[in-house]
Amino acid sequence: MNNLANELNLTKDREYSKGLEQDAFGTSDPSLIVGYLSSKIFEELKSYPVTLRFFAASAALVYGFKLEDERDIVLKVFPSDWDEYGLLTSREIQLALFDTGYPITKPLGNILSLVNSFATIDAYKQSPTEPQEITQQYLKRLAVYLVELIDLIKKLKIKDSESLSSQFGWTKSQRWGRQVRPEVNLDDKPEGAEWIEELGEEARKMCSKPVGRKVTAHDDWLPHNVRLDTNLNLEVVYDWDSLCRGLETVFVGKACGAATSEDLNFFIDSYEEASGHI
């Protein structure tokens, strides 16, 4: 157990994960965290973690463990105010997609109840690295695969999929009222940076406008989550708690983040061509 705590403490993201840890576990002590998570993993999978393969902290805490029985898993811990009902629904869709043979990480066990939050466990799936250069051919495939995912989810007819909301569609106070990274001053407005606040607010208002059809899709459809092989075939898709219900135009707009400013129109045109509508 001490080895796991030491491995966790040496990871790069420990520099700014302590607020998230306090929020989810009520502590940022690595020994207490790995002890607690080890017991939860054993309860669910009947095997203890022995090695920490990786750790990352962003909107959630992500731990990659190797277990005693040689399985590799990914455990994701969510903030305390994450929507449990939405997580259950996205998990149901993820499992249904896996059963169709869609290239997806396999869900393992149930959603775990933690001290203040929830966690999911998936089987770890190796993938190609992110491309160093995003070509137009790559963007075209990314657009086509997004269309195919939206169509496939619709065909699954998951009862509650239409009630999903976007975790990232909350107001600023709902998302940032919880100070999970104490070292970041969210009220700081340095001179000359006002345009960032103005641009963000303008983008938020545009995302809230009812333009386009409502669909269920992956809200973070970017190369770090959507991995293609050297022939641009879909290899694996990660981050399935990003499934949500929203406007197709917004999903496409967010996915444009993979493109340069020169290729934005190419990506949108590729999506329109694959979907058969504008």
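Helix H2 (residues 18-25) lies across strands S1, S2 and S3 (72-77), running at about 80° to S2. Here, helices (H or I, at least four residues) and strands (E, at least two) are DSSP runs, numbered from the N terminus. Axes are lines fitted to C-alpha atoms, for helices over the stretch in contact, and angles run from 0 to 180 degrees between N-to-C directions. This is a predicted model, in which local features need pLDDT of at least 70 and side-chain atom pairs count only at pLDDT 80 or more, while totals for chains, interfaces and linings use all residues. Residues are numbered from 1 along each chain as its sequence is written, and side-chain values use heavy atoms, with hydrogens and water left out.

Now for the sheet itself. Five strands make up an open sheet, in the order S1-S2-S3-S5-S4, with antiparallel pairing; two strands pair if DSSP finds at least two bridges between them. S1 (49-57) and S4 (107-113) sit at the edges with a single partner strand each, so one side of each has no neighbour in the sheet. On average, neighbouring strands are turned by 20° against each other, direction ignored. S1 and S2 (residues 61-67) run antiparallel and are joined by seven bridges. Phe 54 has Gly 64 in S2 as its bridge partner. Another helix, H4 (residues 84-99), lies across S4 and S5 (118-123), and runs at about 175° to S4.

Elsewhere, helix H8 (residues 248-255) packs against helix H9 (residues 264-275) at an angle of about 135°, their axes 10 Å apart. The two are therefore oblique to each other, the label for whatever is left once angles under 35 degrees count as roughly parallel, over 145 as roughly antiparallel and 65 to 115 as roughly perpendicular. On the H8 side, Glu 248, Val 252 and Ala 255 meet Phe 267, Ile 268 and Tyr 271 of H9, contact meaning heavy atoms within 4.5 Å. By class, this contact has five nonpolar, no polar and one charged residues. Ala, Val, Leu, Ile, Met, Phe, Trp, Tyr, Cys and Pro count as nonpolar, Asp, Glu, Lys and Arg as charged, and the others, Gly among them, as polar.

Finally, there is Leu 149, found in helix H5 (residues 136-156). Leu 149 is buried, with a relative accessible area of 0%; buried means under 20%, exposed over 50% and partly exposed in between (1.4 Å probe, protein chains only). Not counting residues up to four places away in sequence, Leu 149 touches Leu 97, Tyr 102, His 218, Trp 221 and Trp 240. The C-alpha atoms of Leu 149 and Ala 217 are separated by 7.0 Å, although these residues are 68 apart along the chain.
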